[in-house]
Amino acid sequence: MPDFLFVNPPLSMTERYGDLAIGGSNLPPLGLANLAAAVRAAGFSTAILDAAILKMTPEQTIKKITDLNPRVVGFTAATVAIGNFVEIARGLKKIHPNMPVVVGGAHISAATEATLMRFHDCIDAGVIGEGDATAVELLDTLLNGKPIENIPGLALWHNGKVRFTAPRPLVHDMDSLPPAARDLLPNLPRYYSPASNCYLRSPSTSVITSRGCPGRCTFCDRTVSTNVLRGHSTEYLIEEIEALRRDFVIRDIIFYDDNFVTLRKRLHTLCEAMISRGSPVSWSCTARVDMVSPEGLKLMKKAGCWQIAYGIESGSQEILDSLNKGITLETIRQTLKWTQKAGINNRGYFMIGVPGESVETIKKTIAFMKSLPLDDFHISYFTPWPASQLYHEIKRSGYYKDIDEMWGQMSGWLPVYVPDGMTAVELERWHRRAFVAFYLRPRPILRYLKNSARNPAVFVRMIRGGYGIIKAAIKSLLLKQN
């Protein structure tokens, strides 16, 4: 009987990735692992149930929670998974009406009032913002039979309306947090793996080294970690990497921060520390194109960096400006040339369907993408994430009768918003065309063959991912004919 059971609700690969589910990634729920680590460090017993990775049904999840019989059960729920969470929470409440059900994560922080208005019957408390200290204080209070109304960082349903407690202060000393409790997850190398084009060697896993992003992009939601950037020290990260190598035989790491390179002094010291240890792992990261330098890229390469994912978004300067990206097409081109020259692979993140998008701007994006020295490519549909600037603008515009009814489709892989002058079918066709335009070219094919020869263990996942692309190509041709 754990004091606090943390649950990742069921969510299938198709729900997450649509047509490209076969090549999608399964990364560990580090948010839950961080919360479990905080609760355990405070002296309480805890466990994690990752129902998504175990491919459990809602009924199986409810039964497993009932069998474990925790004192408190806490869920994380992305926007696309909120319906799955509610199904389980309501089922659980029918069996254990007095078991406290808590939900945290980006969705409840971003859409607090709308979520509690609709689902307050199965939610005892919503954890708003960073939940490390809140989870510990909430558990201690509940176990002692005390009221939770004065705990900072909560949203509660009270007398027919949502009540917020005092805001929970941000964690500024990131090294004060215990390492994520990965040992409480299902076997890390066996169950979890990034997409085949996101790692160089296996086993591979993700690490988050910082919280917060100073960017002001209009399509992003920053309600949990805010714009205040904070990071772990080099010493902390080196210990975490060594633990991953020792305990899970990890050989490759994805630094999964919003923008890994922003803390430049730490980037330098971390690279130097990895070089001094012989760069025992290969690694990749995300970065803004305006926050790297030729010298920094050379150091990263020497330290084991093999790929950087850049948020490019569009090949139209007008669209980039409307998204408040603060970058130019020329900056993108120059940075990717620097990265290529340093011997690091370029991975580009794009999206289509933003407000103001047109067939012409999409054509510009595809042409721009093909002109860049990109080794890999990712394109999603614009999604109006709750609490983002564009979410509020679209909601005020009256585009949706009820935008909150669309939560279950907000995965980034469905055209839930269609710009004026376009149709959903057109967006789907151009989305598939973009994949085909990138991957059915000699450069990407040769790179995949090279990686397969270097690491045969990755080959099967590459074949599966390639099958998804071929299916997308066929659908694109069929849509064109129709």
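## Surroundings of D375

In this predicted model, D375 makes contacts (heavy atoms within 4.5 Å) with I344, N345, N346, F438, R443 and R447, when residues up to four places away in sequence are not counted. D375 belongs to the loop between α14 (359-371) and β15 (376-381), where helices (H or I, at least four residues) and strands (E, at least two) are DSSP runs numbered from the N terminus. The residue is buried, with a relative accessible area of 9%; buried stands for under 20% relative accessible area, exposed for over 50% and partly exposed for what lies in between, computed with a 1.4 Å probe on protein chains only.

The model is predicted, and local features need pLDDT of at least 70, side-chain atom pairs count only at pLDDT 80 or more, and totals for chains, interfaces and linings use all residues. Residues are numbered from 1 along each chain as its sequence is written, and side-chain values use heavy atoms, with hydrogens and water left out.

## Helix α10

Helix α10 covers residues 264-276, and its 13 residues should span 18 Å at 1.5 Å a residue, which agrees with the 18 Å between its end C-alpha atoms; the expected span is 1.5 Å times one less than the number of residues. Its buried residues are R266, L267, L270, C271, A273 and M274. Viewed down the helix axis, these buried residues fall within an arc of 160 degrees, so they line one face of α10, the arc being that of the directions from the helix axis to the C-beta atoms.

The cover over this buried side includes β9 (210-211), β10 (230-231), α9 (234-248), β12 (282-287) and α11 (294-302). On the face turned away from it, α10 carries the exposed residues R264, K265 and S276. Just after the helix, G278 adopts a positive phi of about 80 degrees.

Six of the six residues of β12 are buried, so the strand is largely enclosed by the rest of the structure. In a regular strand the side chains alternate between the two faces of the sheet. In β12 both faces are covered, with S282, S284 and T286 buried on one side and W283, C285 and A287 buried on the other.

Strand β11 (residues 252-255) runs parallel to β12 and is joined to it by four bridges, with I254 standing opposite S284; strands count as paired if DSSP finds at least two bridges between them. Five bridges join β12 to the parallel strand β13 (residues 305-313), in which I308 is the bridge partner of C285. Two right-handed β-α-β units are built around β12: one consists of β11, α10 and β12, the other of β12, α11 and β13. Right-handed here describes a path from the first strand over the helix to the second that runs clockwise when the strands point away from the viewer.

L390, in helix α15 (residues 389-397), is buried with a relative accessible area of 7%. Beyond four places in sequence, L390 touches T218, F219, L323, P355 and F382.
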